[in-house]
Amino acid sequence: MKLTEVLCVLERVAPVALSDEFCRVYKLYDNSGIIIDCGADINGAVFSLDLSSKAISRAEELGYNLIITHHPAIYGGISRINCGDPVAQCVKKGISVISMHLNFDAAPEGIDYHLMRGLGGETAELLAPIDGGGYGRAYTVKGGKFAEYAERVKKTFGGRALFYGDGEKIINKVASFCGAGCDDKAIAFALSSGADAFVSSDMKHHEIAGLIEKGLNVIHLTHYASENYGFNKIYSRLADSLKIPSIYFTDETLG
């Protein structure tokens, strides 16, 4: 299977052009698509949220020559290359890389959508809508008391989440943002939507404290957990469409 053919299958979820449009509309930056092309036909793929030495080792063990990541393998400019870096290792070992970042975040059934689904939502108001999808969601849930809702979240996303707020508070509406989604716009959106709980990752102390002060409970997922869940869902949807063997790799040390 050609590398471009694999990309075409991935773009059934969301074309790279969606990332370009999302960046244009919301003044962001991204680097999605084919990141490393080693030239060979693809014989197997490892899906991994990150391009890491562990993901590369797994690909080598299986004899696969493609890694598909969510986080871009190359994000900004490169001023120097260390031969031990993951990008250099892939080039040396003949492993191509495709990264599907903001387009997979904002797809109609993308990573941010699946975060909502995992948290118990079905339909949502969107902070940043685009082409049937978008980023940042507020939605109703059958949450019950926060302490009980927190236990369900732990079971779905793993035990590394942190929970802040009144355990007796009834959670009827949640605002969630996959990845590093906590900023002033996200907080204002959550407040204006009437959310009872705010869910994101990579949050700073003053942001958490400010949300609690304003009456919102907070669920602070790891960045990995908030996005690995949805990326795995996308893999499950696409795996049968790929005409090559594939596996999903989860780094348990980051979950």
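Residues are numbered from 1 along each chain as its sequence is written, and side-chain values use heavy atoms, with hydrogens and water left out. Because the model is predicted, local features need pLDDT of at least 70 and side-chain atom pairs count only at pLDDT 80 or more, while totals for chains, interfaces and linings use all residues.

**View 1. The protein chain as a whole.** The protein chain holds ten helices and eleven strands (DSSP runs numbered from the N terminus: helices are H or I with at least four residues, strands are E with at least two). Its C-alpha atoms fill a box of roughly 55 × 40 × 35 Å along the principal axes. Of the 255 residues, 52% are buried (buried is under 20% relative accessible area, exposed over 50%, partly exposed in between; 1.4 Å probe, protein chains only).

**View 2. The largest pocket.** This pocket has a volume of about 500 Å³ and a lining of 21 residues. On a 1 Å grid over the protein atoms alone, a pocket is an open set of points where a 1.4 Å probe fits, with protein on both sides within 12 Å along at least five of seven lines; lining residues have an atom within 4 Å of a point. The volume is the space filled by probe spheres set on the points, which are joined across faces, edges and corners. Phe22, Leu28, Tyr135, Ala180 and Asp183 lie nearest the pocket centre. Helices H2 (16–26), H5 (102–106), H8 (184–192) and H10 (223–238) and strand E5 (125–130) each give two or more residues to the lining.

**View 3. Lys173 in strand E8.** Lys173 belongs to strand E8 (residues 170–176). Lys173 is buried, at a relative accessible area of 15%. Beyond its neighbours within four places in sequence, its contacts include Glu125, Tyr139, Ser193 and Asp196 (contact means heavy atoms within 4.5 Å).

**View 4. Lys27 in a loop.** Lys27 sits in the loop between H2 and strand E1 (33–36). Its phi is near 55°, a positive value in a residue other than glycine. Lys27 is exposed, with a relative accessible area of 73%.

**View 5. Asp131 in a loop.** The loop between E5 and strand E6 (133–145) contains Asp131. Phi of Asp131 is near 45°, again positive in a residue other than glycine. Asp131 counts as exposed at 58% relative accessibility.
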